[in-house]
Amino acid sequence: MSQPTDNQPIANQRSSVRYRSRLMQSEAERHADTHPLTWRLRDDGAVVWLDEHLHKNGYQSVRKALDAGDPQAVIATMKEANVRGRGGAGFSAGLKWSLTLQGDDIPRGYLICNADEMEPGTFKDRLLLEQQPHLLIEGMILGAYANNAFYGYIFLRSEYVQAAQVLNRAIDEAREAGWLGANINGSGFDFDIAVHTGAGRYICGEETALLNALEGGRANPRSKPPFPGQSGAWGKPSVVNNVETLCNVPGVVLNGADWYQGLSGERTDDGGTKLYGVSGPVENPGLWELPIGTTGAELLDRARGMRGNHQLKAWLPGGASTGFLLPEHLALPLDFDTVGKEGSRLGTGLMTVVPQAQSMVSLMRNMEEFFARESCGWCTPCRDGLPWSVKLLLALEHGEGEPGDIELLDKLAADCGPSLTFCAHAPGAAMPLQAALKHFRHEFEQGVKKPRGEMHSTTMTHEQ
Amino acid sequence: MAIIHVDGQAYEVNGADNLLQACLSLGLDIPYFCWHPAMGSVGACRQCAVRQYKDADDDQGMLVMSCMTPAKDQTRIDIEDEEARTFRASVVEWLMINHPHDCPVCEEGGHCHLQDMTVMTGHDRRRYRFSKRTRRNQNLGPFIGHEMNRCITCYRCVRFYNDYAGGTDLGAFGSKDNVYFGRYEEGTLESPFAGNLTEVCPTGVFTDKSHAAHYTRKWDLQFAPSICHQCAMGCNISPGERGGSLRRIENRYHGDVNGYFLCDRGRFGYGYVNRSDRPKVPEWRAQLDQTPTHLEVDAALDHITDALRHARRVIGIGSPRASLESNHQLRELVGDKHFSTGIEAQEQACLERMNHLQRTAGLPTPTPREIERHDAILILGEDPVQSAGRLGLNLRQAALARRETMGEKLDVPTWDAEALKTLGQDSYHPLHIAWPTTTELDSVAIRHSLAPEEIARLGFAVAHIIDPSAPAVDRLDTATRETAQQIADDLMAAERPLVVSGGTLTSEAILEAAGNIAKALSMHAKQAGLVLIRREANSTGLALMGGQPLDWALDELAQGNADALVVLENDLYQRLPAKQVDAALARADIRIVLDHQRTPTTDKASILLPAASFAETSGTLVNLEGRAQRFFQVFEPAYLRPEARLHASWHWLHSLAVSLRGEPPKAIHLDQATQACAEAYSSLAGMAQAAPGADHRIAGLPLAREPHRYSGRTAMRAHLNVNEPRPPQDPDTPFAHSMEGYSGFDRPRQQVPFAWAPGWNSPQAWNKFTDEVGGHLRGGDPGVRLIQPAPGHQGHYHQPVQSAEGTNALRALILPRLFGGEETSSLAAPIQQRTEQPSVILSADDAQRLALKTGDRVNIGEGTTLPVYVQPDWPTGWAGLPAGLVAGVLQGATLTLSAGDKP
């Protein structure tokens with residue numbers, strides 16, 4: 001494990017070279033009771049190490065939960081708070097925890113943090129990992145306690161080199177201070193954490209593929225049931241939660257479910273705050289911690305609108321695997337259910353903005369290339385269907401489309417629907433394609449210029 | 001049982017199945033690729049989609065994968081749903097994107113599951129117009145051809161090879177639409193079950209290289225139900241012939257014995273049938289140094305008759321690799337008092353001991369299928385993968401089944417393969433192996449490296465712990481006592497403990513120890529079992545028939561008590577030291593040898609009669625369960641080789657007997673030969689029922705040996721004669737040497753030459769012949785058990801052996817070898833290529849005493865030098881030698897090693 005040799009905060013060492021997730025709210029705007037995820041973060045972007053974290057009320061939630069000695073109460077609070085999974089699926093974390101097998105004849109399992117943040121247009125977990133490692137560790141200890149896990153893994157995207165350094169040093173700090181290891185804070189509860197960096201595959205963000213990768217196997221998803229809570233890593237009960245989800249736990253444990261529910265006010269039924277973000281040709285891209293249910297329009301306002309003369313054409317509410325929404329949808333509160341009703345998904349909650357000048361065909365080609373490349377190769381529609389869609393999109397992009405190509409894309413997208421494929425990867429690839437074909441079909445039709453079945457002057461030999 | 005509704009029709013199915021299994025078992029067709037009846041479901045290919053409705057009111061439903069959906073009571077599905085059909089067509093279309101469509105030049109064509117499924121889904125128009133990806137292939141050794149361009153990425157190969165068979169050198173590499181199935185580098189596939197890839201692969205990625213070398217389409221092959229002759233397991237096989245030579249061996253499904261899989265010795269060891277140096281006509285010579293004179297059949301018979309008439313006494317030497325019928329005809333010819341089994345005395349004593357134990361030790365012998373349900377196993381002094389090939393796969397499944405037990409608690413169905421694998425991880429049912437060196441099963445077993453006597457003592461100690469009234473073992477060291485305790489605890493904690501032993505180490509003490517454990521377990525009323533491994537295809541049968549051991553026969557000759565000898569399909573030099581055999585043969589004036597191969601023994605024959613091999617004749621064998629099974633003639637050798645005079649040994653010997661009695665020539669048919677044998681020995685009485693007789697008909701028809709698309713019949717003999725004779729008539733069996741006859745699947749039958757059903761050309765067609773997929777043949781699994789446990793505990797405990805006195809002598813410990821350790825398969829070129837470099841295994845102590853180290857070459861006698869391998873936990877006092885290498889060196893023989901030539 002590598003550690004910085006001097007006392008300089010790691011985050012500052014190469015901040016000028018590397019991209020960093022930018023939180024666009026100043027310390028003055030962020031408060032413990034309204035910004036549970038980010039109030040400890042510093043304006044200078046330096047890491048909040050253990051001393052500072054403790055100084056800012058750190059590990060109080062762990063102390064409270066372990067002192068109370070009732071793991072089931074933690075689950076009950078989480079359920080009541082209805083913390084919905086921030087990885088994109090929006091499944092109730094408390095409900096997930098309540099389904100983890102526990103008992104005298106059941107081995108203690110694992111609490112796994114899914115930090116394999118690779119959704120295109122998403123950079124929220126990175127902020128928390130790089131600048132505030134102890135909040136995550138706190139959340140993981142609470143998750144482990146509630147789920148009777150004996151060991152934790154942070155499955156980290158390998159490109160997050162800085163996060164790996166920060167996390168490893170923070171884990172050491174926590175262990176030295178007695179917050180990790182045997183008999184945490186004198187409670188009798190044992191738990192420790194290791195950082196596992198992935199090998200750079202998007203599919204490792206799928207929780208069961210993550211488990212296979214963690215075990216050293218191929219990153220193919222697993223069929224459910226059995227769920228990870230029944231038979232997860234190495235066949236033991238395991239809980240996989242997203243970074244942001246776990247970072248919500250300390251606040252919930254400390255302040256209670258009502259407080260958490262109250263954070264979003266009247267905007268939505270969902271509780272808590274959300275790390276929202278905007279990327280694309282806007283004036284001021286970045287991240288904001290806002291009450292969940294904030295509208296797209298408000299987000300776009302905070303990003304100070306479209307850059308230059310760009311006009312908004314469409315937007316993805318939360319990553320490449322969510323369906324395109326139109327300008328008219330900006331007024332909707334961005335919560336899991338509302339966005340779901342519009343045929344899209346909230347996903348990671350980081351909106352990607354598409355300007356009018358952008359060809360939807362090229363954009364879809366680019367996105368489908370990503371999804372085809374990141375297919376694990378397990379199930380047929382995803383493995384062989386997505387590359388075909390890429391080649392069709394390429395043909396359309398080059399004006400070499402044939403009559404029938406768009407219908408073929410329709411069928412390919414439909415055949416990659418939920419339950420038809422093994423996991424949610426291909427449906428995630430199909431959702432934006434279907435939306436693009438629906439809302440911007442004319443752009444695709446412009447690529448159909450060749451008669452059907454005739455030899456083409458350009459051979460389509462595109463290989464990924 | 002559950003009721004499910006399929007396309008509006010109600011059916012009763014096994015509720016523990018998934019919907020794909022259930023529908024296939026009902027005879028309904030759903031296309032599939034990644035699912036395999038022996039390997040369960042993984043949901044990868046998405047080919048088996050059907051529409052499922054939540055309940056009777058649901059008219060929407062959703063598409064589900066039938067392989068991943070339980071066949072719960074009141075499940076409603078539509079297979080013929082339009083959306084499901086088009087989705088299934090889409091799946092094949094995707095699979096075909098990179099498939100080269102090279103069926104005309106593909107070895108799989110004509111028995112290809114991918115072809116069958118493509119036709120079934122109706123995909124017949126290609127819409128993909130872009131470039132295809134191409135791949136490099138690997139040389140995977142002498143058995144398996146590799147053509148990765150054809151791969152449809154169903155993952156069956158790695159699932160079979162790694163998960164089912166325990167291989168480690170085949171993997172899935174890469175991801176997305178570029179997953180490569182192969183080795184990390186070129187080289188021979190290491191698993192002894194790799195050949196099953198040729199049947200597990202749904203298309204032509206993994207194909208049979210031995211078949212490719214003389215390729216014929218499945219529909220142009222002639223088949224018969226046959227039994228593998230390469231060990232005592234008795235796997236059912238479908239050998240395919242064309243033009244007078246065997247072209248390939250495929251698995252023939254047997255619900256109790258071999259299921260869907262064979263070992264590679266059985267699959268690729270058939271080449272001896274096609275050898276050009278086989279004796280084809282009778283040969284006679286007055287002196288050994290003379291060039292043999294070829295004789296016609298009548299002349300040969302006259303000659304032998306004349307010679308035997310003048311002999312003082314004729315000794316007949318039978319063979320455990322020949323049929324019961326042939327052995328019996330030999331015994332009839334020479335008389336009971338002059339008949340030897342042809343088996344070395346110590347081995348025969350072990351065989352008799354095993355038959356006895358199977359009757360009296362108090363435990364039944366499970367079928368190989370049932371072995372997979374045993375939940376704790378002790379293997380005493382055997383290396384099953386090397387000595388009984390296919391059996392090793394069964395034992396491995398038994399160990400793996402622990403995960404099914406674990407799955408029950410979480411309601412994970414037994415077919416949910418990946419989930420069970422995740423859950424089970426490295427948990428196995430206890431499998432203890434007492435054996436001095438590494439075995440293929442070690443990855444799922446606890447092995448105790450012991451010398452033969454110590455293996456026996458361990459066994460006696462286990463029996464004593466289980467039942468204190470079994471005799472205790474003196475002076476047992478602490479380590480062995482603890483091992484015995486651990487084994488006994490594991491066996492006693494199990495519902496269905498199993499004891500496996502056998503004759504490989506030719507140690508009666510080990511068998512007696514296994515018998516003591518069996519008896520002790522039977523006292524506890526467990527559902528325990530006893531499996532005893534014999535060496536050769538008909539070892540069990542010969543021991544049931546009885547006769548004097550080979551040593552006796554050679555003594556009789558050497559002492560001048562007999563002057564004539566008839567040897568049946570047996571190379572005596574494989575069994576006893578050459579000096580002993582030479583001395584006996586030198587005293588025999590008349591040496592009649594019947595064989596289908598040339599051996600050192602046939603070289604000493606005064607008259608050599610060319611015997612038909614297993615593919616050219618029929619007969620009965622008894623496998624290691626005690627199951628009598630009939631193998632049938634695949635082809636009539638005289639049809640395409642009119643000059644050949646190959647006949648079944650039982651035919652030759654019967655004709656000789658008739659001639660010797662001075663009776664007019666009289667033919668004997670198989671059923672008579674079988675019946676005669678069954679009547680002569682009470683222990684073999686059941687063998688006549690092992691298979692239907694020659695008069696068996698289905699719908700008035702004989703059974704076709706050839707698929708109905710068999711081509712070129714009229715041209716087959718054109719190079720010999722443009723007149724086309726009628727196909728050979730077969731008076732011995734119910735099979736026709738033509739495509740005329742019954743070859744369907746709808747009428748239950750036991751004897752199936754080749755599996756075919758309309759739309760099902762691949763080995764997956766077996767599902768049409770079984771009562772449920774992976775179950776039993778609807779006509780019953782072939783064969784009859786001849787050995788049954790006698791009621792009540794008649795057996796008694798045996799006294800333990802003493803520990804061997806320490807001497808400096810080095811004794812031979814012959815280690816069985818799947819490749820190279822068996823006489824006839826070792827004559828097949830692919831097996832010879834696959835045979836590993838042999839070595840002598842020594843303990844570190846012995847190596848030090850003899851000043852040898854790994855890599856040194858030593859002379860082991862008979863002019864053979866081998867490299868030394870020093871194995872740390874190998875027992876001192878023993879030198880491990882590979883079987884089949886130094887003919888005539890017996891288990892336990894004292895060896896003198898001398899420094900050999902430097903390599």
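Chain B is divided into domain 1 (2-95), domain 2 (139-274), domain 3 (283-344 + 541-784), domain 4 (347-530) and domain 5 (810-899), with bounds that come from an automatic or database domain assignment. The model is predicted: local features need pLDDT of at least 70, side-chain atom pairs count only at pLDDT 80 or more, and totals for chains, interfaces and linings use all residues. Residues are numbered from 1 along each chain as its sequence is written, while chains are lettered from A and ligands numbered from 1 in the order in which they are written.

The centres of domain 3 of chain B and domain 4 of chain B, taken over C-alpha atoms, are separated by 36 Å. Between these two domains, nine residues of domain 3 of chain B are in contact with nine residues of domain 4 of chain B; two residues are in contact if their C-beta atoms, placed from the backbone, lie within 7 Å. On the side of domain 3 of chain B that touches domain 4 of chain B, five residues are nonpolar, two polar and two charged. In this classification Ala, Val, Leu, Ile, Met, Phe, Trp, Tyr, Cys and Pro count as nonpolar, Asp, Glu, Lys and Arg as charged, and the others, Gly among them, as polar.

Chain B contains 26 helices and 37 strands. Helices (H or I, at least four residues) and strands (E, at least two) are DSSP runs, numbered from the N terminus. The radius of gyration of chain B is 28 Å, close to the 29 Å that the globule rule gives for 903 residues, so chain B is as compact as a globular protein of that length. The radius of gyration is taken over C-alpha atoms, and the globule rule is 2.2 Å times the number of residues to the power 0.38. The C-alpha trace of chain B spans about 90 × 80 × 60 Å along its principal axes.

The annotation "domain: 4Fe-4S His(Cys)3-ligated-type" (unreviewed entry) covers residues 83-122 of chain B. UniProt positions are given in the numbering used here, feature names are shortened, and annotations may be inferred rather than shown by experiment. Over residues 83-122 of chain B, the chain is 55% helix and 0% strand, with the end C-alpha atoms 14 Å apart. For residues 221-277 of chain B, UniProt lists "domain: 4Fe-4S Mo/W bis-MGD-type" (unreviewed entry). This span, residues 221-277 of chain B, is 9% helix and 32% strand, and its end C-alpha atoms lie 24 Å apart.

Between the chains, 34 residues of chain B are in contact with 31 residues of chain A. The elements β4 (62-65), α2 (82-95) and α15 (417-424) of chain B give two or more residues to the side of chain B that touches chain A. By class, this side of chain B has 20 nonpolar, eight polar and six charged residues.

Chain A has 17 helices and eight strands. With 464 residues, a compact globule would have a radius of gyration near 23 Å, and the 23 Å of chain A agrees. Along the principal axes, the C-alpha atoms of chain A fill a box of roughly 75 × 50 × 45 Å.

Chain A is divided into domain 1 (10-262), domain 2 (273-355) and domain 3 (360-445). The C-alpha centres of domain 1 of chain A and domain 3 of chain A lie 34 Å apart. Nine residues from domain 1 of chain A and eight residues from domain 3 of chain A take part in the contact. The side of domain 1 of chain A that touches domain 3 of chain A has six nonpolar residues, one polar and two charged.

Helix α7 (residues 133-147) of chain A and helix α10 (residues 243-262) of chain A have axes that come within 7 Å and cross at roughly 75 degrees. Axes are lines fitted to C-alpha atoms, for helices over the stretch in contact, and angles run from 0 to 180 degrees between N-to-C directions. Among the residues making the contact are A:Leu135, A:Leu136 and A:Met140 of α7(A), and A:Val243, A:Leu246 and A:Val253 of α10(A). The contact of α7(A) with α10(A) has ten nonpolar, two polar and one charged residues.
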